[in-house]
Number of protein chains: 2
Amino acid sequence: MAIRPAEQLIHKAAWLYYAHGLRQDEVANQLNISRASVAMYLRKARETGIVNISTSTQLFTDDVMARRLEDALKLDAVWIAPENAYLADPSTDIAVLAASVFLELVRKGDRIGVAWGRTVYTIADIMSYADLQDVTVVQLCGNLGAPYSYRPDQCTMEIARRLNAKGLNFYAPLVLSTEELAQGLRAEPVIRDQLAGISDCDLALYSIGAVDADSHLVKCGALTAAEMAALRREGAAGVIAGQIIDADGALLDCSYNRRVISAGLASLRAIEKRLMVVQEDSKFEPLLAAVAGGLCTHLVVGAHMAQRLLDHAGAPAEKAS
Amino acid sequence: MAIRPAEQLIHKAAWLYYAHGLRQDEVANQLNISRASVAMYLRKARETGIVNISTSTQLFTDDVMARRLEDALKLDAVWIAPENAYLADPSTDIAVLAASVFLELVRKGDRIGVAWGRTVYTIADIMSYADLQDVTVVQLCGNLGAPYSYRPDQCTMEIARRLNAKGLNFYAPLVLSTEELAQGLRAEPVIRDQLAGISDCDLALYSIGAVDADSHLVKCGALTAAEMAALRREGAAGVIAGQIIDADGALLDCSYNRRVISAGLASLRAIEKRLMVVQEDSKFEPLLAAVAGGLCTHLVVGAHMAQRLLDHAGAPAEKAS
DNA sequence: CACGGCTCTCGACAAAAGTCAAATTTGAAT
DNA sequence: ATTCAAATTTGACTTTTGTCGAGAGCCGTG
């Protein structure tokens with residue numbers, strides 16, 4: 001009886017405890033094990049996603065500001081993390097909220113596209129586990145060599161792991177040195193299939209990158225700070241799924257973009273729910289660009305950013321309720 | 001500060017505790033209230049469905065028997081509550097399982113049809129609360145006058161309450177004394193709309209009734225025991241949403257059925273997910289009839305019933321793995 | 001304006017859950 | 001067959017959580 005506790009026992013314990021509402025010692029009796037074991041099983045059940053504890057994110061959408069933003073930016077839904085309040089670290093709050101929202105948007109059987117970045121990885125990292133068997137998580141863009149934890153493949157894998165889902169990785173570099181090579185690689189069946197499968201996604205999760213020397217593209221060596229600055233002068237406004245967009249949210253016509261292996265903007269727009277999460281206030285303009293380009297239908301931001309967006313949108317018919 | 005704790009506070013407390021993982025005393029500090037209050041808010045949050053604790057019902061479908069039943073009966077999914085084990089009362093286990101399954105099947109924005117009966121009411125009664133705002137629960141059939149708690153309207157209302165959803169009740173008797181009156185009533189705009197709206201449902205929840213003197217139809221005075229016995233001789237095999245079906249799951253051609261105000265079988269079949277829950281072993285034949293009539297796509301039963309169903313289905317290619 | 005009735009709040013106690021190091025068992029490799 | 005490392009279980013302890021009755025603020029009513 002001291003063999004493999006297996007899913008079986010964990011499941012039974014979780015069932016009796018959470019579904020039937022027995023106490024831990026009652027569960028222990030039923031299953032003929034010690035209460036300590038039950039406690040352990042229950043922790044495992046929570047960690048595995050066999051039991052799911054989720055809190056409604058309603059409050060954050062019900063917010064007046066959120067509603068106004070939805071109207072102003074023509075988005076399906078907006079969640080605003082109140083920054084002043086509660087927690088020490090506001091950006092954590094945004095990530096926690098984003099993780100909840102994400103889990104709320106996922107359905108069984110979904111196909112999910114995941115981009116990369118510190119924000120996305122933070123979300124993956126704090127996201128609780130869930131037991132979504134038929135879910136597939138696909139990587140939206142090629143990889144970077146850098147050993148950062150927020151690399152595209154890491155983000156994809158981690159989220160897949162949390163969801164008990166299949167992770168479909170993308171075994172190609174994000175950027176190549178010549179356009180020809182990129183073109184050739186994109187034509188490769190393995191890569192082509194992956195790229196083609198992106199528009200079949202039901203949900204996408206990404207953030208937006210700024211066009212400056214702090215960008216991950218620079219940190220990871222895909223571009224030099226100087227090249228970045230040059231692109232900026234040419235109209236680069238943001239980075240999404242490794243690609244550079246202009247202020248209208250269109251793909252910037254530049255060599256870099258032609259050397260990238262990533263989900264085309266059209267494929268991204270074909271995804272029904274596009275969840276964008278922005279933590280840093282500095283990403284105001286990149287975010288505007290992404291919204292302009294219709295790359296985002298669901299948005300999670302902090303209160304401060306929300307206010308700036310609203311102000312920018314030209315205070316559409318102030319209504320004091 | 002001793003005013004309306006409102007949803008606001010409950011929500012904040014739940015958020016900090018469940019999403020951020022703070023301890024109750026930490027939450028109490030953040031919100032400047034006593035820990036006791038926090039504990040209370042958290043209970044309310046759980047009771048309201050602001051936080052959702054659900055346990056995966058996977059184990060009960062992963063069961064070998066469940067899989068075989070799915071194949072044998074051509075159902076989308078089957079859940080089997082292990083009867084021998086765990087609990088004192090097996091029928092409670094079935095209801096708890098059914099409630100979990102039900103909540104797993106509901107999506108935001110869904111329209112849900114609910115029939116009636118002791119089983120359905122039991123499920124409603126133990127079902128945990130959820131925060132599904134855009135859900136509508138519609139009553140599938142007319143009412144009975146009897147003061148039982150499991151009347152159609154009670155079932156509908158209770159489930160709507162648990163889901164924080166709108167309940168659409170059906171203000172007509174289940175059975176009338178003449179066919180003409182029934183016909184007339186069915187033509188009434190209010191009633192007609194309700195009936196017409198049933199096929200738009202995404203999910204239905206019902207059980208199946210036996211054709212005997214214990215039937216609720218008899219207890220509630222819709223039929224006498226003698227009439228029931230007569231119907232049985234005429235081929236009645238089960239009762240679904242107040243209507244009598246034969247062994248093939250077709251509507252029995254009888255005066256009673258013509259006097260009933262209820263969702264037509266065709267409307268029921270038009271509902272994508274039809275969740276049938278059967279607690280009593282005695283409902284074997286009625287269940288067969290319902291399955292034969294395609295009135296059920298998702299099934300929750302006890303282990304004993306499952307075994308009987310499998311045996312009946314003629315042991316399709318025994319495979320020992 | 002005083003009076004219940006109401007709900008919300010808090011302190012203190014009881015109950016339940018979480019944790020840890022030691023003991024036991026398992027499975028595999030020597 | 002024996003040994004060892006890893007995994008599992010447990011009892012004892014600590015921390016956290018649930019609950020109760022008393023008290024405090026609010027509101028409509030007489």
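## A tour of the A–B interface

Start by selecting chain A and chain B together: 33 residues of chain A are in contact with 33 residues of chain B. Keep in mind as you look around that this is a predicted model.

Next, show the surface of both chains. The size of an interface is often given as the accessible area lost when the parts come together. Here chain A and chain B bury about 3,100 Å² between them, and 62% of that area lies on carbon and sulfur atoms.

Now turn to the polar side of the picture. Between chain A and chain B there are 14 residue pairs in polar contact, counting pairs with both residues at pLDDT 80 or more. Zoom in on H1(A), which gives the most, with eight residues. If you colour this side of chain A by class, you will find 14 nonpolar, 13 polar and six charged residues.

For the next stop, select S1(A) along with strand S1 (residues 51-55) of chain B. The two strands run antiparallel and are joined by five bridges. Pick out Asn52(A), and you will find that its bridge partner in S1(B) is Ser54(B).

Finally, look for the salt bridges, of which there are two between chain A and chain B. To see one of them, select Lys108(B) and Glu104(A): their closest N and O atoms are 3.7 Å apart.

Key:
Residues are numbered from 1 along each chain as its sequence is written. Chains are lettered from A and ligands numbered from 1 in the order in which they are written. This is a predicted model: local features need pLDDT of at least 70, side-chain atom pairs count only at pLDDT 80 or more; totals for chains, interfaces and linings use all residues. Side-chain values use heavy atoms; hydrogens and water are left out. Contact means heavy atoms within 4.5 Å. Buried area is the accessible area (1.4 Å probe) that two parts lose on being put together, summed over both. A salt bridge is a side-chain nitrogen of Lys or Arg within 4 Å of a carboxyl oxygen of Asp or Glu. A polar contact is a pair of N or O atoms within 3.5 Å; within protein, one must be able to donate a hydrogen and the other to accept it, and residues adjacent in sequence count only if both atoms are side-chain atoms. Helices (H or I, at least four residues) and strands (E, at least two) are DSSP runs, numbered from the N terminus. Ala, Val, Leu, Ile, Met, Phe, Trp, Tyr, Cys and Pro count as nonpolar, Asp, Glu, Lys and Arg as charged, and the others, Gly among them, as polar. Two strands pair if DSSP finds at least two bridges between them.
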